[in-house]
Amino acid sequence: MYRPNQITPIDKEYCLEASDLIVSKTDTASRITYVNDCFCRIAGYTYQELLGKPQNIIRHPCMPRAVFSLMWEHLKQEQEFLGYLRNMAKDGSYYWAFASIAPVYEDGEVVGYLSARRAPNPNALELVIPLYEKMRKLELSLPEDQQIPHASALLWREISREYQSYAEFILAF
């Protein structure tokens, strides 16, 4: 995972405002090709620092790898992914966001991805945070090649009690 200067996470949360809309675009290799001013302001990077860098520059280490695996499954099938993500700013602080990530097409071919993130529903976070914590704890207890399959199975066990899919779970709030 790309992490400039090995940023150390700190226990300081930034809460997105209802008016915040974080937008970024990447190429198919997930390298940033565009970010809006809101992205730069909240993440604490300049446009120049972000351009060409992997989108995961803002990935918080407490996020389960299985969630990103699920995201890439959707995107590779040219489907939109909706989810709650905990991102990390340049100073190590974090922010939760509700993300919509979708393929971008040019002449019928996928040329990249567009991500729009906004303030999360606090009621959703009451369920998402403990679930993600369980998933990440499980991942860290296993060898790397077993982390995603086992955490994915945990995710499906937890959400299938009430929902038919991850999307239905996410959109229930």
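A residue is called buried when its relative accessible area is under 20%, exposed when that area is over 50%, and partly exposed in between (1.4 Å probe, protein chains only). Serine 30 is buried, with a relative accessible area of 15%. This residue is found in the loop between E1 and E2. Serine 30 is not a glycine, although its phi is positive, at about 70 degrees.

The model is predicted; local features need pLDDT of at least 70, side-chain atom pairs count only at pLDDT 80 or more, and totals for chains, interfaces and linings use all residues. Residues are numbered from 1 along each chain as its sequence is written, and side-chain values use heavy atoms, with hydrogens and water left out.

The strands come next. Helices (H or I, at least four residues) and strands (E, at least two) are DSSP runs, numbered from the N terminus. Two strands count as paired if DSSP finds at least two bridges between them. Strand E1 covers residues 21-27 and runs antiparallel to E5, with 7 bridges joining the two. Within this pairing, valine 23 has alanine 116 of E5 as its bridge partner. E5 also pairs with E4, again in the antiparallel sense, over 9 bridges. Here tyrosine 105 stands opposite valine 110 in E5.

E4 and E5 form a hairpin with 2 residues between the strands, and in it aspartate 107 takes a positive phi near 55 degrees. Aspartate 107 belongs to the loop between strand E4 (94-106) and strand E5 (109-118). Its relative accessibility is 78%, so aspartate 107 counts as exposed.

Patches are made of residues with over 30% relative accessible area and no salt bridge; like charges are joined within 9 Å, and nonpolar side chains (Val, Leu, Ile, Met, Phe, Trp, Tyr) within 5 Å. Lys and Arg count as positive, Asp and Glu as negative, while His and the chain ends are not counted. Each charge is placed at NZ of Lys, CZ of Arg, CG of Asp or CD of Glu. By these rules, Glu78, Glu106, Asp107 and Glu109 form a negative patch. Glutamate 78 sits in the loop between H3 and strand E3 (81-88). It counts as partly exposed because its relative accessibility is 45%. Glutamate 78 has a positive phi of about 60 degrees, although it is not a glycine.

A nonpolar surface patch is made by Tyr34, Tyr47 and Leu51, which together have about 260 Å² of accessible area. Accessible areas come from the Shrake-Rupley method with a 1.4 Å probe; for residues, only the protein chains shown count as cover. Tyrosine 34 lies in strand E2 (residues 32-35). With 37% relative accessibility, tyrosine 34 is partly exposed.

Salt bridges were then searched for. Side chains of opposite charge can pair when their charged atoms come close. A salt bridge is a side-chain nitrogen of Lys or Arg within 4 Å of a carboxyl oxygen of Asp or Glu. The whole structure holds 7 of them. One of these joins glutamate 144 to arginine 65, with the closest N and O atoms 4.0 Å apart. This pair links distant parts of the chain: glutamate 144 is in helix H5 (residues 144-159), arginine 65 is in helix H3 (residues 65-76), and 79 residues separate them. Glutamate 144 is exposed at 58% relative accessible area, whereas arginine 65 is partly exposed at 26%.

Another salt bridge joins glutamate 139 and arginine 136, at 2.8 Å from N to O. Both residues are in helix H4 and are 3 residues apart, so about one helical turn separates them. Helix H4 spans residues 122-140. Glutamate 139 is buried, with a relative accessible area of 0%. Arginine 136 is buried as well, at 16%.

Glutamate 158 forms a salt bridge with arginine 161, and their closest N and O atoms are 3.6 Å apart. Glutamate 158 is partly exposed, with a relative accessible area of 23%. Arginine 161 counts as exposed, at 62% relative accessibility.
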